[in-house]
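Please read the following report alongside the sequence and the model.

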Amino acid sequence: MDYKQAGVDVEAGYKAVELMKASVEKTFVKGVIGGLGGFGGLFELDLDGIQKPVLVSGTDGVGTKLKLAFLQDKHDTIGIDCVAMCVNDVLCAGAKPLFFLDYIAVGKNIPEKVAQIVTGVADGCEKSGCALVGGETAEMPDFYHQDEYDIAGFTVGIVDKDKILDSKNVNIGNKIIALPSSGVHSNGFSLVRKIFNIGECDLNKQYDIIGKTLGEELLTPTKLYVKPIVELLKQVEVKSIAHITGGGFYENIPRALNDNVLAKVYKNKVKVLPIFELIAKEGNISEKDMFNTFNMGVGMIVIVDEQDVDKTMAILESQGEQPYIMGEIVAGQKGIEIC
């Protein structure tokens with residue numbers, strides 16, 4: 001017996017690294033030391049202009065959205081989801097992501113497939129201005145089905161201690177600005193799969209309301225907000241930020257508030273994406289449950305002073321975003337009111 005007979009192909013691992021090397025190296029920004037192959041990723045901090053450096057870390061996976069990738073045999077965007085779920089989180093502290101690492105566990109190491117997954121990770125890192133400094137691919141026969149895998153990521157960002165976003169700075173009269181999502185992102189897929197009976201349904205079915213196939217819509221990668229938010233933080237005194245993930249509006253928006261204010265969201269202002277209308281209809285889901293599970297077309301919110309609204313909108317629009325005001329901060333107990 002040898003390792004390969006036990007189901008672990010070391011040579012396939014070497015080949016996967018060679019196939020992904022070019023994509024990974026495209027992400028190398030100033031600060032990266034060395035290349036692939038070491039036991040740890042090295043990154044030299046540039047502390048120019050930062051008086052009190054604080055590192056901010058985040059980790060996440062993609063969840064059962066991976067089932068859509070398996071069923072459609074499409075693996076080149078799922079890595080973007082993994083990056084986005086991590087880097088969008090650290091933005092909420094006011095931090096700029098510096099580097100990223102991934103962990104991919106497979107039932108069988110097919111080098112070309114692993115390289116596709118990592119290409120997506122590299123794309124996400126490149127679009128976020130952070131370096132992919134390392135990762136791990138674990139071949140785990142008998143643990144995962146040979147056609148399946150899981151992916152998780154980890155990022156580290158940096159922020160000056162005096163510029164860490166603090167919800168205590170949120171005040172009555174502040175405005176809530178929405179940044180549109182690209183779709184379902186990477187949350188709520190256990191419910192989505194139940195509603196559409198994913199695995200049995202036709203993912204190539206075209207729905208007029210979404211203008212594409214169900215498979216294409218659901219596999220749309222999570223939007224990356226790093227560059228527009230980093231640019232905004234340079235020019236505007238942002239009060240707080242929330243990344244709208246699992247738990248939707250009701251869980252995530254209060255995380256950006258202090259105990260003395262309430263977020264008032266106006267339903268008629270929220271630009272709900274067609275996919276959520278379809279999900280609500282097909283699953284007969286109540287409006288409250290929709291807002292308590294999905295992002296509803298809003299991937300991130302920023303809270304700013306009323307006098308900074310015009311400047312905020314202009315900066316975000318210059319970065320390719322389509323922001324809009326969807327609510328305001330009022331007096332009340334910490335929470336959210338959708339009216």
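## Basis of the description

This is a predicted model, in which local features need pLDDT of at least 70 and side-chain atom pairs count only at pLDDT 80 or more, while totals for chains, interfaces and linings use all residues. Residues are numbered from 1 along each chain as its sequence is written, and side-chain values use heavy atoms, with hydrogens and water left out.

## The four-stranded sheet

An open sheet of 4 strands has the order β3-β6-β4-β5, with mixed pairing; strands are DSSP runs of E of at least two residues, helices are runs of H or I of at least four, and both are numbered from the N terminus. Two strands are said to pair if DSSP finds at least two bridges between them. The edge strands, each pairing on one side only, are β3 (53-61) and β5 (131-139). Neighbouring strands of this sheet are turned by 15° against each other on average, direction ignored, where axes are lines fitted to C-alpha atoms (for helices, over the stretch in contact) and angles run from 0 to 180 degrees between N-to-C directions.

β3 and β6 run antiparallel and are joined by 9 bridges, with S57 standing opposite V156 in β6. The pairing of β4 with β6 is also antiparallel, over 10 bridges, and here V106 has Y149 in β6 as its bridge partner. Strand β4 (residues 96-106) pairs with β5 in the parallel sense over 8 bridges, and L101 stands opposite G134 in β5. Of the 12 residues of β6, 9 are buried, that is, under 20% relative accessible area with a 1.4 Å probe and protein chains only.

Helix α4 (residues 111-128) lies across β4, β5 and β6 (149-160), and runs at about 165° to β4; contact here means heavy atoms within 4.5 Å.

V24 lies in helix α1 and is buried, with a relative accessible area of 1%. Not counting residues up to four places away in sequence, V24 touches L36, V118, A122 and L132. V24 and D123 are 99 residues apart in sequence, yet 8.7 Å apart in space, C-alpha to C-alpha.

T27 is found in the loop between α1 (10-25) and β1 (32-33), and is likewise buried, with a relative accessible area of 2%. A polar atom of the T27 side chain lies 2.7 Å from the backbone oxygen of V24. Leaving aside neighbours within four places in sequence, T27 is in contact with A122, C125, E126, C130, A131 and L132.

## The six-stranded sheet

A further open sheet contains 6 strands in the order β10-β12-β7-β13-β11-β14, again with mixed pairing. The edge strands are β10 (240-243) and β14 (335-338), each of which pairs on one side only, and neighbouring strands are turned by 25° against each other on average, direction ignored. Strand β12 (residues 298-304) runs antiparallel to β10, the two being joined by 4 bridges, and the bridge partner of H243 in β12 is M300.

Helix α3 (residues 78-91) lies across β10 and β12, running at about 160° to β10. Helix α11 lies across β7 (175-180), β12 and β13 (324-331), and runs at about 10° to β7.

The axes of helix α7 (residues 226-235) and helix α11 (residues 309-318) come within 9 Å and cross at roughly 145°. In this contact, P228, E231, L232 and Q235 in α7 meet K311, T312, I315 and L316 in α11.

Note on methods
Buried means under 20% relative accessible area, exposed over 50%, partly exposed in between (1.4 Å probe, protein chains only). A polar contact is a pair of N or O atoms within 3.5 Å; within protein, one must be able to donate a hydrogen and the other to accept it, and residues adjacent in sequence count only if both atoms are side-chain atoms.
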